[in-house]
Amino acid sequence: MASRINTSFTRIPKQKHRCSNRRSSYFSSKRDSDSQHLSTLGSFKALPLEVFQIILNYLSVRDVGMLSLASKTVSRVIINYIETSSGSKRLLLQDFHNLELSDRRQDFTILEYYRSLGVLFKRCTLLLPTKERLKCIHRILSEVACFKFNGCAAPMQCLGLSCYGMILQTLTAGWDDRECQRVYNFLCELTNLSRKMQTVVCSKPGSARKLELRIRLFCRNVLLDHWIHQSDSAFWLTRILKPWPMVNQARLLYIIFGPTSPQDGLVVWQKMTEAPTDEPSLKGLADAIKLLYDTGTREWTADDIISLIDELSVVPREWLLENNAHLLILSGNNICFTFMASKAVNGRALELARLVVFLALVCEKELYCMDWAVRMMQRVSHVFSTPAERVNFLENVANTFACVTMEMLQSVMSGGLEEDNRGFLSLFHLVQAQASFHKEVLRVALDAAS
């Protein structure tokens, strides 16, 4: 009996002991967790938060970025610091209307400074999901007016969007296409970009000139111009164009890369339809077309590029053929040949012959090598399936030179004094082009015969 009583009596302290042990373990683990949390601040754990932030004020952007890699806790403290008024004022320099920073950053341009700031943001948000990273950075940058789509009153003299683009480029460098697509979707939602694009592509060209300018500046400065590798630029340009039908893609391409007025930067819609234009007016469009063609992305086929050029050449209405030929020359051999070969395959020999004449005219006026035009004609002639078609094409080229000469002569005879001077100069260049072209044809024929 005593034995049973002693046994039952001894169970109670053991149960209490186990319960007490669990409670002790809980508080111990909590203290360990708190201690570990503090230890991630390293030597800074002994400092009040205010003092830590004062120390951050004396560090360069690069040093703050390096410090943010120390631990998740440190990076969170740095993000909180950047979001404070003093932190944002110190780090988000807003001298966007001067090329150089203030005296404290004489050795950096403002774009280089914001590249370093992009590295800081990339490191601070490294452990966050993509959506949270974008929200966090937007929360920091949203207070800067010049980073907004319509934020700056003088956008042509402002580097704000370029700095924003530099941050974006640095942040997303190395991200896969799926994450970058999320970034583009986030920006579209943030700026209502798709709705704004719909407005300009569905309106009469030039009816929303200021909106066209804003879209051009945002797309160029934020999304396209800061990439080192062509494949990256092609990716973002594809994101802009591909959601739209081909006719709208051509309109957007013209808005983003077409010629602009040197006075106010607005898109000049009649540049390609009224008179022959210069190389700088076409180079942006040609470079964009080469970008989509040469990167070899699966999202753009050769047929897509041909269709895009066809649609572009009627924006806002049909271009002068000389400007169309000039664009093809600037787009490079492969695109020019692909475009011309498509016409040959589809039996459009007369159109092709006329295009060859204007290729020769552009080569003469711009002092390009006439041998190139002859070699291109020779290469395209082999696309025709039979010798008879090939001979017919070459005869069409010779006849078209005569027809175009007569057209220009009639234009000179019927025009006013100013038009006479311009038309006579064009006629002179055409006659010179015909002579140079046929001289090269004879040289190629003699070389082949010998």
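## Contact of helix 10 with helix 13

In this predicted model, residues M197, V200 and V201 of helix 10 meet N248, R251, L252 and I255 of helix 13. The residues of this contact comprise 5 nonpolar, 1 polar and 1 charged.

Helix 10 spans residues 193-202 and helix 13 spans residues 246-257; their axes come within 10 Å and cross at roughly 100°. Helix 10 is therefore roughly perpendicular to helix 13, since crossing angles of 65 to 115 degrees fall in that class.

## Overall composition

The protein contains 22 helices and 0 strands. Of its 450 residues, 45% are buried. Among contacts with a separation of 6 or more, 68% are between residues 24 or more positions apart.

## Aromatic pairs and cluster

Across the whole structure, 11 aromatic pairs are found. A pair of aromatic rings is described by the distance of the centres and the angle of the planes. For F147 and Y164, these values are 5.6 Å centre to centre and 55° between the planes, and the pair is tilted. F147 belongs to the loop between helix 7 (130-141) and helix 8 (160-172), whereas Y164 belongs to helix 8, so the pair ties together parts that are 17 residues apart in sequence. Both F147 and Y164 are buried. The two residues also take part in one aromatic cluster, formed by F96, Y113, Y114, F147 and Y164.

W227 and W236 provide a second example of ring pairing. Their ring centres are 6.1 Å apart and their planes lie at 15°, so this pair is stacked; the cut-off for stacking is an angle under 30 degrees. W227 is buried, with a relative accessible area of 14%. W236 is likewise buried, at 2% relative accessibility.

## Arginine residues over aromatic rings

Two arginine residues are placed over phenylalanine rings. R239 lies over the face of F235, 4.4 Å from the ring centre. In the other case, the charged end of R379 sits over the ring of F337, at 3.8 Å from its centre.

I82 is located in helix 4, which covers residues 72-83. With a relative accessible area of 1%, I82 is buried. When residues up to four places away in sequence are not counted, I82 touches G87, S88, L91, L120, F121 and I140. I82 and L92, separated by 10 residues in sequence, are 8.8 Å apart from C-alpha to C-alpha.

H429 is located in helix 22, covering residues 417-449. Its relative accessibility is 19%, so H429 counts as buried, because the class takes in values under 20%. With residues up to four places away in sequence again not counted, H429 touches L361, E364 and K365. Of these, E364 and K365 fall within the residue range of helix 19 (349-365), as does L361.

## Backbone features in loops

Most residues other than glycine have a negative phi, and most peptide bonds are trans. The peptide bond from V315 to P316 is cis, with omega near 0°. P316 occupies the loop between helix 16 (302-312) and helix 17 (321-331).

Positive phi values occur at N192 and at L367, neither of which is a glycine. Phi of N192 is near 60°. N192 lies in the loop that runs between helix 9 (177-191) and helix 10, the helix that meets helix 13 through M197, V200 and V201. The relative accessible area of N192 is 42%, and this residue is therefore partly exposed.

Phi of L367 is also near 60°. L367 is found in the loop between helix 19 (349-365) and helix 20 (370-381). Its relative accessible area is 75%, so L367 is exposed.

Terms used. Residues are numbered from 1 along each chain as its sequence is written. This is a predicted model: local features need pLDDT of at least 70, side-chain atom pairs count only at pLDDT 80 or more; totals for chains, interfaces and linings use all residues. Side-chain values use heavy atoms; hydrogens and water are left out. Axes are lines fitted to C-alpha atoms, for helices over the stretch in contact, and angles run from 0 to 180 degrees between N-to-C directions. Helices (H or I, at least four residues) and strands (E, at least two) are DSSP runs, numbered from the N terminus. Angles under 35 degrees count as roughly parallel, over 145 as roughly antiparallel, 65 to 115 as roughly perpendicular and the rest as oblique. Contact means heavy atoms within 4.5 Å. Ala, Val, Leu, Ile, Met, Phe, Trp, Tyr, Cys and Pro count as nonpolar, Asp, Glu, Lys and Arg as charged, and the others, Gly among them, as polar. Rings of Phe, Tyr and Trp (its six-membered ring) pair if their centres lie within 6.5 Å; planes under 30 degrees apart count as stacked, over 60 as edge-to-face and the rest as tilted. Buried means under 20% relative accessible area, exposed over 50%, partly exposed in between (1.4 Å probe, protein chains only). A charge sits over a ring if NZ of Lys or CZ of Arg is within 6 Å of the ring centre and within 35 degrees of the ring normal.
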